[in-house]
Amino acid sequence: VDVFRSLLGNLQSYRPYLPDALFPVADSPGEGAELSPRARPVPGASGGALALVFTDIRSSTSLWECGGAAMEAALTLHNGAVRAALAATGGYEVKTVGDSFMAAFSDSLQAVRFGRAAQVALTGMTWPAGLTRAGADDGLPMLAVRMG
C-alpha cells in the first residue's frame, strides 16, 4: 500500500491526463478512499504497481516541414500501429498529443510487450516516399519512434 501511495504522489503532476480510476478520493476526511464516479480503470490493473509508457516521433517538427502530406499519411499509419499494439497487449491509451501517446499498463512486462509489438509493427510498415532516406535503396524511413 505504501508503494502505491508513493506512486500516486509521483503521478500527481500527470493528474489532468490520467483516468480518475488511478486516483482514489475520500468521500470525507477519515473515511476510506473510493473511486470517482466517472472513473475508468486501467483494464487488468489490480490497484498495485502501474507502468506508464510515452511515445514520440523523433524530430517530427522537421519531418512535418519536409513533407506535410507524407507526414500526415505517416501519422495515420503510426497511430494505427500504436493503437493496435495497445489493443493486443491490453494497454490503455491515456492521451495523445500530436504524434505522442501516453499509455498505462497494469504491469511493466505488459508495457515492454507493447513497446516490442509497436516497434515491430512500425518497422514492418511501408512509409510514404517523402519520409524515406534520400538516396537509399533500402526504403528505411527517416521516421523513428521513441518509447519509454
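A polar contact is a pair of N or O atoms within 3.5 Å; within protein, one atom must be able to donate a hydrogen and the other to accept it, and residues adjacent in sequence count only if both atoms are side-chain atoms. This is a predicted model, in which local features need pLDDT of at least 70, side-chain atom pairs count only at pLDDT 80 or more, and totals for chains, interfaces and linings use all residues. Residues are numbered from 1 along each chain as its sequence is written, and side-chain values use heavy atoms, with hydrogens and water left out.

View 1. Helices (H or I, at least four residues) and strands (E, at least two) are DSSP runs, numbered from the N terminus. Along the sequence they follow the pattern α-β-β-β-α-α-β-β-α-β. The chain has 148 residues, and 34% of them count as buried. Buried means under 20% relative accessible area, exposed over 50%, and partly exposed in between (1.4 Å probe, protein chains only). Contact means heavy atoms within 4.5 Å. Among contacts between residues at least 6 apart in sequence, 57% join residues at least 24 apart.

**View 2. Helix α4 spans residues 108-123.** Its 16 residues reach 22 Å from the first C-alpha to the last, close to the 22 Å expected at 1.5 Å a residue. The expected span is 1.5 Å times one less than the number of residues. At the N-terminal end, D107 caps α4. A side-chain oxygen of D107 lies 3.1 Å from the backbone nitrogen of L109.

**View 3. Helix α4 has a buried side and another side with exposed residues.** Which residues of α4 are buried? They are Q110, A111, F114, G115, A118 and L122. These residues cover an arc of only 140° around the axis, which puts them on the same side of α4. The arc is that of the directions from the helix axis to the C-beta atoms. An α-helix has 3.6 residues a turn, so residues three or four places apart point the same way. On the other side of α4, V112, R113, R116 and T123 are exposed. The cover over the buried residues of α4 includes β3 (51-57), α3 (68-89), β5 (100-105) and β6 (145-147).

**View 4. Helix α3 packs against several elements.** The 22 residues of α3 should span 32 Å at 1.5 Å a residue; the end C-alpha atoms are 31 Å apart, which agrees. Buried residues of α3 include A70, M71, H78, N79, V82 and T89. What do the buried residues of α3 pack against? Their partners are β3, α2 (60-66), β4 (92-97), β5, α4 and β6. T89 lies in α3. With a relative accessible area of 16%, T89 is buried. Not counting residues up to four places away in sequence, T89 touches F105, Q110, R113, F114 and A117. After α3 comes G90, whose phi is positive, near 75°.

**View 5. The largest nonpolar core has 12 residues.** A nonpolar core is a set of buried Ala, Val, Leu, Ile, Met, Phe, Trp, Tyr and Cys residues joined through side-chain atoms within 4.5 Å. Its members are I57, L63, A70, M71, A74, L75, A81, L122, W127, L131, L143 and V145. Helix α3 gives the largest share of this core, 5 residues. Apart from it lies another core, of 11 residues, among them A85, L86, F105 and A118. In soluble globular proteins, nonpolar side chains tend to be buried together. L122 touches H78, A81, W127, V145 and M147, not counting residues up to four places away in sequence.

**View 6. Strand β3 has a covered face and an uncovered one.** A51, V53, T55 and I57 form the covered face. L52, F54 and D56 form the uncovered face. In a regular strand the side chains alternate between the two faces of the sheet. Two strands pair if DSSP finds at least two bridges between them. β3 and β5 run antiparallel, joined by 5 bridges. T55 stands opposite F101 in β5. β3 and β6 also run antiparallel, joined by 3 bridges.

**View 7. D56 sits in strand β3.** Is D56 buried or partly exposed? At 22% relative accessibility, D56 counts as partly exposed. The bridge partner of D56 in β6 is R146. The side chains of D56 and R146 also make a polar contact of 2.5 Å. Another polar contact, of 2.9 Å, joins the side chains of D56 and S100. D56 and D99 are 43 residues apart along the chain, yet their C-alpha atoms are separated by 6.0 Å. Not counting residues up to four places away in sequence, D56 touches D99, S100, A144, V145 and R146.
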